[in-house]
Amino acid sequence: MSEALAKRSDPVNQWVTFRLGEETYGINVMQVQEVLRVTEIAPVPGAPDYVVGIINLRGNVVTVIDTRRRFGLFPKEPDDASRIVIIEAEDQVIGILVDSVAEVVELRASEIESAPSVGNEESARYIQGVTSHNGELLILVDLNQFLNDEDKAELDLF
Amino acid sequence: MKTASLGQITNGWQEQVLVLYLRNLLNQAYGQPEVLFTERTDSNSITAPQLGQSAPPAVPDWVQSEFQVVYFRIGHLVLAAPLSEVRRIERLDDSMRVTVLPGKPDWFQGLTKCQGEIIQLADTGLLIGGKRPMSAGDSCRHVLLLNKGRWGLVCGEIVDMVRLRRSDVRWRVNRSQRAWAAGTIIDRLCVLVDPHCLIPVGRSKDMRVLRKC
């Protein structure tokens, strides 16, 4: 009884972790549809710099975003470890290009600390929190905040 | 004799009136210099608060009659911080991994775990340098862990720790600019930093545990 109460007040969520440079990020597993190897990505002329291009996913056109550029990191050419994570964020299906996908971890809500609120609002928006996992810090990304309204409007054009 | 005597009296009276008139003129023009002089030279009176009535000195609340400071280096510059606001000093070596968060300002170096606690690291050199940032240097880096807000100020070498009296510091009266500089330690000509004013205001909320994901 008390265990059930504890679970309700401190829910456990699963997070898919991926690497970008030296850091590990986590996204909610419920929003991940699939993970793909990097295949041919068709460039889109006039697209924002963070858009790598588009892919054909079983007949559906999916926009692929360069997560490094979106996070203000140095861009890197995809290699064998690179993956496209297909996610659903607020009814929009997009692919995010990451350096590699690591594992799925379970985290209690109480283990997550909110991200430091320094810097511009843009970055504070999509970093949901941080937590300690296997001796290092895991940065948790809120995919619903990953794209702002302006971004979504631009992506709708593809 | 009588006339001469009256003349002397008259001359004396005229001189007194003339002196009084000139003194009044001087007082109108320059105020009451005698009174000001008395105030300034009275060493037993508490002159600083009197002088400060028009512009009170912004002495931080951590200042006691005596307090300890830690001297640290940022590049070639030596600064001081009050020990009452520093709960621990850690050496920042390779064992302390720094996790960099995307989209944060340059002065925000990232997060690190320190004795089971997540600490936010701020580059002191960049924060105080403004347009001319000073490097803390790569060797012998330390972190001053502040007693509020899980902030750590990254600096260079720790020089020493000293007990000061309140009067050892020339406190800044107007801290509207560079609010982090509380004053100057007179004998070392070294800036005493008010650490909590160093983190940009309004963007330094404490980290807290989220209730739900």
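What follows is a short exchange about how some descriptions of this predicted model are reached.

Residues are numbered from 1 along each chain as its sequence is written, and chains are lettered from A in the order in which they are written. Because the model is predicted, local features need pLDDT of at least 70 and side-chain atom pairs count only at pLDDT 80 or more, while totals for chains, interfaces and linings use all residues.

Me: Why is Gly26(A) called buried?
Reply: A residue is buried if 20 or more other C-beta atoms, placed from the backbone, lie within 10 Å of its own, exposed if 12 or fewer, and partly exposed in between; Gly26(A) has 26 such neighbours, so it counts as buried.

Me: What makes strand 9 of chain A largely enclosed by the rest of the structure?
Reply: Strands are DSSP runs of E with at least two residues, numbered from the N terminus, and in strand 9 (residues 127-133) of chain A 5 of the 7 residues are buried, so the strand is largely enclosed.

Me: How do you know that strand 9 and strand 10 of chain A pair?
Reply: Two strands pair if DSSP finds at least two bridges between them, and strand 9 and strand 10 (residues 136-141) of chain A have 6 bridges in the antiparallel sense; Leu138(A), for instance, is the bridge partner of Thr131(A).

Me: Which residues of chain B have pLDDT under 50 and 0 contacts beyond four places in sequence?
Reply: On pLDDT, the predictor's confidence in each residue from 0 to 100, residues 1-7 of chain B stay under 50, and contacts, meaning C-beta atoms placed from the backbone that lie within 7 Å, number 0 there beyond four places in sequence.

Notes:
Helices (H or I, at least four residues) and strands (E, at least two) are DSSP runs, numbered from the N terminus. Two residues are in contact if their C-beta atoms, placed from the backbone, lie within 7 Å.
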